[in-house]
Amino acid sequence: MNILNPEDEIALISSKCSSTVKMSRTTKFSTMSRFALLVNLIALPIIHLWAAVTKEPTILPTSSNGEPFPWNKMRLPDTVSPLHYHLLIHPNLTSLDFTGLVQIQIEVHQDTKSIILHSKDLHIFNARLLSSDMSQRQPLKVLDYPYFQQIALISDNALLKRGHVYSIQLEFAANLSESFHGFYKSTYRTNKGDVRVVASTQFEPTSARAAFPCFDEPAFKANFTVRIRREAKHIALSNMPKLRTLELPGGLFEDQFDVSVKMSTYLVAFIVSDFLSISKTSQHGVQISVYAVPEKIDQAEFALDAAVKLLDFYDDYFDIPYPLPKQGKLHILVYCLTCKLQISSFSMYIIYSVDLAAIPDFQSGAMENWGLTTYRESGLLFDPHKSSASDKLGITMIIAHELAHQWFGNLVTMQWWNDLWLNEGFAKFMEFVSVNITNPELQVEDYFLGKCFEAMEVDSLSSSHPVSTPVENPAQIQEMFDDVSYDKGACILNMLREFLTPEDFKLGIVRYLKRYSYQNTVNSNLWESLTNVCDSDGLDEGRLKGEESCRRSVSQSGASKWHSEDELDVKAMMETWTLQEGFPLITVEVKGREVRLSQERYLKSDDPSQKSSFLWHVPLTYITSGSTTVHRFLLKTKTDVLYLPEEVDWIKFNVDMSGYYIVHYEGSGWDDLIRLLKHNHTALSSNDRASLINNAFQLVSVGQLPLDKALDLTLYLSKETEIMPVTQGFSELVPLYKLMEKRDMVELENQMKGYILQLFRKLIDRQSWTDDGSVSQRMMRSYLLLFGCVRGHPLCVSTATQLFNEWRASDGNMSLPNDVTMAVFSVGARTEDGWEFLFEKYKESMYVSIKSRIKMALTTSPLDHKLKWMMEQSLMGEVMKTQDLPYVVTSVSKNPKAYKHAWDFLQANWDSLIKKFDLGSHSIAHMVVGVTNQYSTREMLAEVRSFFSSLRAETGAELRCIQQALENIEENIRWMDKNLPLLKAWLHRYYDQHKNTEL
């Protein structure tokens with residue numbers, strides 16, 4: 001599942017310009033996240049929330065009817081397992097409910113009289129145990145235990161014998177969910193104003209049980225045969241190709257789908273809608289289709305072309321054909337059940353396919369359902385005349401993520417949610433690998449290190465968790481869908497790839513996929529597959545003894561550290577990165593040719609006890625003034641020493657930020673690098689420059705580097721032209737004045753804003769108001785022009801005002817350059833009339849990219865009453881989609897005129913929010929952290945703590961995001977206490993030195 005929403009060129013730019021966060025995970029957005037940021041999941045009704053936080057009883061619990069429930073654990077027993085589901089679903093899109101029948105073939109592993117499985121908010125009736133030949137049907141008693149979302153099927157008369165196969169049959173009914181999980185209702189409005197209803201599914205992680213009774217854990221893989229009943233005006237989609245359609249009495253039709261491959265319940269999907277589609281066939285013979293509402297199907301062409309290209313790439317890269325059945329000949333026998341005679345037979349060819357569907361209401365970015373991937377409309381629909389460069393990049397990346405899941409996650413699935421990163425970290429990592437090769441013009445390599453910066457914001461807190469961490473209940477499982485599982489997982493995989501070489505890494509992961517196809521895995525299975533690629537650990541130069549493909553060239557530099565007795569142990573190395581939280585701070589001290597190294601945990605906390613026991617195997621890389629060759633050194637101990645062949649003017653560790661660690665240079669190390677940036681910044685790559693900016697300010701946060709040293713480093717940015725250093729500079733500097741906005745420190749706030757504008761003034765003024773240039777140039781242009789306009793830079797404001805007036809005079813029909821519309825709309829949204837005009841165009845537009853940019857621009861307005869109204873309307877869901885509520889709330893929280901309204905709204909509507917959004921979900925976490933992470937006073941810390949401490953366990957008191965929010969505020973307080981005087985003094989000196997420069 002992709003938790004990122006591609007709507008955000010917007011969130012980034014506004015969050016930096018009118019509104020940015022300080023020192024928290026939504027604060028220093030990486031460039032990629034700036035253009036892809038809305039995160040959301042949804043579900044559990046309030047009646048079930050207690051289960052998320054309650055300890056499992058030690059005695060048998062009581063079921064709903066007062067009888068003892070025969071199981072007392074959140075996880076299902078392993079006494080039986082499913083083999084095959086035969087599922088019939090009939091949704092009614094008028095009455096907004098559905099009925100169903102499921103027949104589950106099960107295998108018994110231990111003698112038992114009860115079968116425990118999952119069910120949530122389903123009315124179950126006619127539960128029966130079927131004999132092997134289906135001739136006998138024995139009623140089963142159904143006991144319900146809602147707190148664990150479980151039911152027990154009790155056989156009073158028959159013992160289910162170990163080694164035997166049985167079938168159970170259950171009929172059930174429920175309402176279509178009003179949330180975004182389970183089998184839920186989605187709506188859209190036609191351009192004539194008619195409201196249409198769609199029924200769609202979102203099961204990951206624990207909501208298949210809300211659509212049909214099932215064994216809803218990833219290890220319980222089974223085959224699925226799905227039938228869906230519908231009206232003539234609708235179509236039905238599911239994971240597999242449709243085999244046939246039967247006409248039924250009453251104007252109904254039943255679509256029957258092919259038998260699925262063996263898969264987990266969370267990957268099952270079905271949709272009933274009036275969608276239209278377009279299709280193409282890949283080079284490997286897979287039919288790929290994109291579905292959307294009829295009036296938006298003309299925006300599907302770009303996604304279709306991207307999907308075809310990406311699926312072919314994955315087929316070749318993994319050396320495994322798209323892992324649903326290939327195109328083949330199916331022999332059909334027509335059989336008369338009454339006369340028991342074969343009537344006829346014929347053969348037909350089935351083209352196996354993958355479908356991509358744009359759902360009007362969809363909380364997360366996308367979902368990898370096997371063969372039927374689902375997306376937000378903004379994650380799939382693109383118009384070449386209306387969409388921006390960031391839209392193109394974001395949509396391509398999301399499609400790449402979901403198609404990568406067809407192998408990582410679907411073909412090979414984690415055993416349990418504690419190893420979710422095996423799914424999501426790999427899919428995030430493969431986004432960049434695949435798009436870099438299939439779409440080089442998107443320059444995706446510019447943005448990867450931003451994902452590591454994002455992960456580090458969360459991972460630097462004491463509330464972080466290991467990549468692989470124990471979870472049991474639905475809320476804990478939901479909390480795993482975070483930056484640690486996704487972004488840190490991707491970053492440590494990238495680090496391992498660089499360690500092993502890309503060729504060896506690819507050999508290992510292909511071996512992993514082939515070895516464990518249609519199975520479930522744990523961490524160690526991956527490490528074993530990668531360890532066997534080579535005989536020894538190829539990190540230290542010249543040390544490999546394996547085959548030629550595993551050898552590294554031997555550097556003649558004395559910098560190599562030779563450990564010929566060491567053998568490659570990927571498992572030992574990578575468990576230091578997956579089984580403990582956090583990441584290392586590497587301290588470097590150069591004494592002549594001697595380089596002294598040490599490691600400790602980087603942690604934004606005053607508690608030294610949380611650092612002492614941590615140790616990583618760190619694959620260090622470095623370059624020097626004397627050699628641009630990348631040298632390597634594996635640091636396995638707390639301290640070590642390496643030797644250079646000669647003394648150097650400077651040394652830079654973590655080349656291109658390929659490692660998941662930050663670096664501090666003692667002695668003259670930082671001064672040497674600052675001097676280099678000042679006189680010859682292109683001697684380092686753009687990623688190295690961005691990483692120095694990031695690392696310097698991270699070190700300020702933990703007292704390792706004085707603030708004035710980090711600010712001195714930023715002075716070189718007046719010469720910078722590359723997107724990653726530029727946006728990273730904004731990411732570190734803008735949060736400083738955002739803290740001041742919430743302390744009413746107007747003079748210092750304006751001085752800081754003036755400094756930033758002065759740094760980038762020349763670059764801003766050089767931007768053309770067009771869509772010309774590379775993707776990175778276009779995205780940077782959008783960012784810079786929006787910043788300039790929001791900060792009141794006269795040249796930006798005058799141009800944007802002129803364009804807005806012309807666009808408004810044309811009643812919105814004039815074509816504006818897509819990459820500058822955010823700046824134009826934000827200037828227009830400053831006035832009542834302009835805001836109202838934009839909102840009317842928002843309601844009228846059928847283009848999701850335009851709606852996204854208008855929505856973002858509206859949140860930058862100084863009209864605070866309009867911003868309050870936006871939040872209220874998003875909660876209601878009629879004028880603005882409820883799916884966008886977390887995004888709207890956090891955007892308003894960054895607005896200096898309305899930030900307090902967002903905090904008040906969060907408190908006043910907390911009960912409503914947790915009914916609409918799952919406890920533990922990224923949606924709730926996004927709001928909790930995003931709304932609070934710019935506060936830096938003890939008064940606000942007390943207010944935030946007071947509100948969250950007033951909650952009960954069942955209303956969210958134990959959520960990890962609350963601890964993150966409190967830690968962020970505490971860190972902001974420490975930062976301001978220590979650095980505010982330094983900042984004032986540094987800015988005073990800067991302004992004294994630039995008295996004749998207009999600011």
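Which residue in β28 is the bridge partner of Leu620? Phe633 is that partner. The bridge belongs to a predicted model, in which local features need pLDDT of at least 70, side-chain atom pairs count only at pLDDT 80 or more, and totals for chains, interfaces and linings use all residues. Residues are numbered from 1 along each chain as its sequence is written, and side-chain values use heavy atoms, with hydrogens and water left out.

**Confidence**

The mean pLDDT of the chain is 89. This score is the predictor's confidence in each residue, from 0 to 100. A value of 70 or more is reached by 87% of the residues. Over residues 6-54 the pLDDT is below 50. That stretch still has 245 contacts beyond near neighbours in sequence, a contact meaning heavy atoms within 4.5 Å. Residues 535-565 also stay under 50. For residues 535-565 the model has 79 contacts beyond four places in sequence.

**The chain as a whole**

The chain has 999 residues, and 66% of them are buried. Buried means under 20% relative accessible area, exposed over 50%, and partly exposed in between (1.4 Å probe, protein chains only). The accessible surface comes to about 34100 Å², by the Shrake-Rupley method with a 1.4 Å probe; for residues, only the protein chains shown count as cover. Carbon and sulfur atoms hold 49% of that surface.

There are 28 helices and 31 strands. Both are DSSP runs numbered from the N terminus: helices are H or I with at least four residues, strands are E with at least two. Among contacts between residues at least 6 apart in sequence, 73% join residues at least 24 apart.

**Strand pairing**

Strands of a sheet pair through backbone hydrogen bonds, either parallel or antiparallel. Two strands count as paired if DSSP finds at least two bridges between them.

| β27 (618-624) and β28 (627-635) | antiparallel | 6 bridges | Leu620 and Phe633 |

Strand β27 lies in an open sheet of 3 strands, in the order β28-β27-β30, with antiparallel pairing. Strands β28 and β30 (651-653) are the edges, each pairing on one side only. Neighbouring strands of this sheet are turned by 25 degrees against each other on average, direction ignored. Axes here are lines fitted to C-alpha atoms, for helices over the stretch in contact, and angles run from 0 to 180 degrees between N-to-C directions.

With β2, strand β1 forms a hairpin that has 4 residues between the strands. Leu96 sits in the turn, with a positive phi of about 60 degrees.

**Cysteines**

The whole structure holds 1 disulfide, defined as a pair of cysteine sulfur atoms within 2.5 Å. Cys452 and Cys491 form the link, with their sulfur atoms 2.1 Å apart. The link is left-handed, at -110 degrees about the S-S bond. It joins distant parts of the chain, 39 residues apart. Cys452 is in helix α6 (residues 448-459), and Cys491 is in helix α8 (residues 483-500). Both cysteines of the pair are buried.

Cys789 is in no disulfide. The nearest cysteine sulfur, that of Cys796, is 4.3 Å away. Cys789 counts as buried because its relative accessibility is 1%. Cys214 counts as buried because its relative accessibility is 0%.
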